[in-house]
Structures are given as C-alpha cells and as structure tokens.
Amino acid sequence: MTITKEQVLQALSNVEEPDLKKDLVTLNMIQDIVIDGNRLSFSVILTTPACPLKALIENACRNAIGHFISKEIEVSINMTSRVTTQKNTGVPGVKNIIAVASGKGGVGKSTVAVNLALGLAKSGAKVGLIDADIYGPSIPIMFGLEGAKPRASNEGGKTRIEPIEKYGIKLLSIGFFTDPNQPVPWRGPMVSTAVKQLFNDGDWGELDYLVVDLPPGTGDIHITITQTFPVTGAVIVTTPQAVALADAKKGIGMFLMESINVPLLGIVENMAYFTPAELPDNKYYIFGQGGGKKLAEQLEVPFLGEIPLIKGISDSGDAGKPIVLNQEHELMVRAFTEMANRVAQQISINNAQVLSGDIINN
Ligand SMILES: Nc1ncnc2c1ncn2[C@@H]1O[C@H](COP(=O)(O)OP(=O)(O)OP(=O)(O)O)[C@@H](O)[C@H]1O
C-alpha cells in the first residue's frame, strides 16, 4: 500500500496536545516524516523534556495512523523535545527566565530555586542559575563552592564572565564577587549594576531555562531585573503560616503590577508538612494545612506542589549537595522533580498561548 506524507499529517491532525489544546500538526510538532513502503517513521517534538503526557501522546499518534490510514502500517515514533520560547529574554541564547521569589525571608526560596534548576536539568534541559540575593547569597554554600571565583576575560572591550558549572548547571552568584564575612554596603544603583552584569556579562551559551533566585520581599533588584529582562514567569515560594501567605500575596501583587507585568507560573508551598524518616507515610501539618493551595485558587494561578519539611534539606544544603540529587531522600526527590516538571509544563503552556499556532520554530 502507498501512503503519502499528506495522509500522515491529516491523520495526526486529529491528535491534540492535551496541555496546549491544539493538534500536533498545527503546533508543528510532527517532523522528519519518512515513508518506506508500509513502514512509517516520524518525530514528535514535545515542548518539555520530561513531558508527563509523553506516553499518552505517542499512543494517540499510533491510534490515529491505525484508524485514519491503516492498521497494517509499521509505525516508529521518535519522541523528542525542544523547549519553546516566546520572547527575546534580553540574554542571548537564553530561551526562558524563571524568577523565584518570596514575600517573606527564610521560607526556602533559595532551596526551591536550586532544586528547581537541578530538577529541570535532570529532565534533560540546559539550565543556568543566577543567585541575585545580594544581601544573603546562599548558592555558593549550597553547591559547595565557597571561595570559587569565576574566570573573567575581555573580548573586544566587553567583559565575559564564565559561569561555574556544577551538577550539570551553569551558576553565577553575587556571592562569588563579595567577601562572605563582610556585609555588602552597596547602594541601590550599585546593586542594580552588579546584578545586571550577571545576566549581561555571563557567558551563558544556549540555555532552555535561566533560574533566578531573587532576594526576599519586593525591592530594587526585583524592579531592575523585571524591567531589564523580559522574565518568562515567576515562581512564588511560601510556607503555610498566615504571615508567610500574606507576604506571598504582596510579592504576587508586585509581579502583577502594570509596570512589572510578569506572568505567574505558580505557587510552591515549602515546609508544608513534616514526615519523620522512620514513618515515611505519615504527614504532620504542623504549620497548618492547604494555605498555599488555597492562595493559588484564590488568585487563579497554578499550585506547583507541597515540599515537606525534613532535616535532610538543610544538611544537604550545608554539605554542598542539594537534596534533589540525593536518592536516599526519595520523598524530596519526588516532590522537587514533580515541581520542576510542573514549572516546565506551565512555561510550555504560557509560551503556546502567546505564540498561537506554530510553537516549534524550525
Ligand atoms: N523543606 C525544608 N525542610 C527543612 N529545611 C528547609 C526546607 N526548606 C528550606 N530549609 C532550610 O531553611 C533555611 C532557609 O532556607 P533558604 O535559604 O532556602 O530560604 P530563603 O527563603 O532563600 O532565605 P533568605 O530569605 O535568607 O533568602 C535553610 O537552612 C534551609 O536548608
């Protein structure tokens, strides 16, 4: 039997991407169609490396070919991915900037930023991390990089700073350039210049996601970053207590201000419950239950997940090996991996909504 490329595309135009709510052909996700007698192969380009719907989409493609063309065709599908982008992020080669913020200090914003970056990288994405928490940069410690100094060079009058690579991600922290034993006595404009340099002078190469750990609260750095670089979206970290939730709301308000206008990717509730190591199935909601989820519902933004409170996180942070890399802490690995996948999924959905039509650029 002879089949044509047009028949294949026609059949696959009946398969909808469940998140993006459009068919795979309209989204330009079907590529490299090869027909050889009754053998057919093609690639499906997903928009997140760890697409939770991968198996479902592959199955739907096989069914569509069987149903609309013939069950006799031998189908081979290459499921691959290419992270989308919707706007120029202002940093060459960087497809998406993710700002991680919290209203209140000490809620675990840096912990979430680090494990988010590593979770995204684990799924196969190219990831960078900027620690813009100028008054309390904690990423050098969390990666075991205290005292590290990134190499800087000068190319044609332009400074290039080489991010430090560890655990598969590229890192720059304001802490690499300051004395950890001294407070940073910088005024607003100096801070803004220093932070912008991390973005502009960093030799980031090609990145799918650049995660930015912001200082707590709302201030100069938030305004500088969001007004200089078109941020793809913000992840808000809170804990379950009423004070933290109230501050998270303020933080969210800032991102939604007309002059800032950064889309919200969602809310993460950290230290949501306590699970003792010896009783892994028990959850104790010591600070109250469901506050983060309720806030997300109220504000109509996605809820990205609950991260339990366990002692291992602070130990891992202090030991320079973030918990998402520590298979012994299965519960945490799962919580952070799922959160990272939800963030990637949300970016893919937002990008598709902005781009309408072809979302995979050739
Ligand atoms: N889920 C958790 N379980 C146990 N400890 C945690 C958890 N999340 C964070 N911590 C610990 O709480 C402390 C504060 O976390 P972190 O530095 O990530 O917070 P932050 O919000 O970035 O703080 P800052 O306001 O100083 O920037 C750290 O010691 C960290 O290891």
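Trainee: Which strands does helix H3 lie across?

Mentor: This is a predicted model, to start with. In it, H3 (residues 109–122) lies across S6, S7 (127–131), S11 (169–173), S12, S13 (233–238) and S14 (264–274).

Trainee: And what angle does H3 make with S12?

Mentor: H3 runs at about 170 degrees to S12.

Trainee: Which strands does H7 touch?

Mentor: Helix H7 (residues 242–256) packs on the sheet and touches S6, S13 and S14. The direction of H7 makes about 170 degrees with that of S13.

Trainee: What's the strand order in that eight-stranded sheet?

Mentor: S10-S11-S7-S12-S6-S13-S14-S15. The sheet is open, and its pairing is mixed.

Trainee: Which strands stand at the edges, and why does one side of each lack a neighbour?

Mentor: S10 (164–166) and S15 (303–309). Each has a single partner strand, so one side of each has no neighbour in the sheet.

Trainee: How many degrees are neighbouring strands turned against each other?

Mentor: On average 25 degrees, with direction ignored.

Trainee: Zoom in on S6 and S12. How many bridges join them?

Mentor: Six. S6 (residues 94–101) and S12 (residues 207–213) run parallel. Across that pair, Ile 98 stands opposite Val 211 in S12.

Trainee: What else is Val 211 in contact with?

Mentor: Leave aside neighbours within four places in sequence. Then Val 211 is in contact with Ile 98, Val 100, Ala 113, Leu 116, Ala 117, Val 127 and Leu 129.

Trainee: Which residues of the largest nonpolar core touch the most other members?

Mentor: Val 211 is one of them.

Trainee: How many residues are in the second core?

Mentor: It has 21 residues and is separate. Val 15, Met 29, Ile 57 and Ala 64 are among them.

Trainee: Switching topic. What are the domain bounds?

Mentor: The domain assignment gives domain 1 as 5–81 and domain 2 as 94–352. Their C-alpha centres lie 35 Å apart.

Trainee: How many residues of each domain are in contact with the other?

Mentor: Seven from domain 1, with nine from domain 2.

Trainee: What classes are on the domain 1 side?

Mentor: Four nonpolar, two polar and one charged.

Trainee: Now the three-stranded sheet. What's the order there?

Mentor: S3-S4-S5, in an open sheet with mixed pairing. S3 (30–36) and S5 (74–81) stand at the edges. Each of those two has a single partner strand, so one side of each is left without a neighbour in the sheet. Neighbouring strands here are turned by 15 degrees on average, direction ignored.

Trainee: Parallel or antiparallel for S3 and S4?

Mentor: Antiparallel, over five bridges. Ile 30 stands opposite Val 44 in S4.

Trainee: Which residue takes a positive phi in the hairpin of S3 and S4?

Mentor: Gly 37, near 60 degrees. The hairpin has two residues between the strands.

Trainee: In what sense do S4 and S5 pair?

Mentor: S4 (residues 39–46) pairs with S5 in the parallel sense, over eight bridges. Phe 42 stands opposite Ile 77 in S5.

Trainee: Which strands do H1 and H2 lie across?

Mentor: H1 (residues 5–12) lies across S3 and S4, at about 130 degrees to S3. H2 (residues 54–68) lies across S4 and S5, at about 150 degrees to S5.

Note on methods
Residues numbered from 1 in each chain as written. Predicted model: local features only at pLDDT ≥ 70, side-chain atom pairs only at ≥ 80, totals over all residues. Core = buried A, V, L, I, M, F, W, Y, C linked by C-beta atoms within 7 Å. Buried ≥ 20, exposed ≤ 12 C-beta atoms within 10 Å, placed from the backbone. Contact = placed C-beta atoms within 7 Å. Pairing = 2+ DSSP bridges. Helix = DSSP H or I, 4+ residues; strand = E, 2+ residues; numbered from the N terminus. Axes fitted to C-alpha atoms, helices over the stretch in contact; angles between N-to-C directions. Domains from an automatic or database assignment. Nonpolar A, V, L, I, M, F, W, Y, C, P; charged D, E, K, R; others polar.
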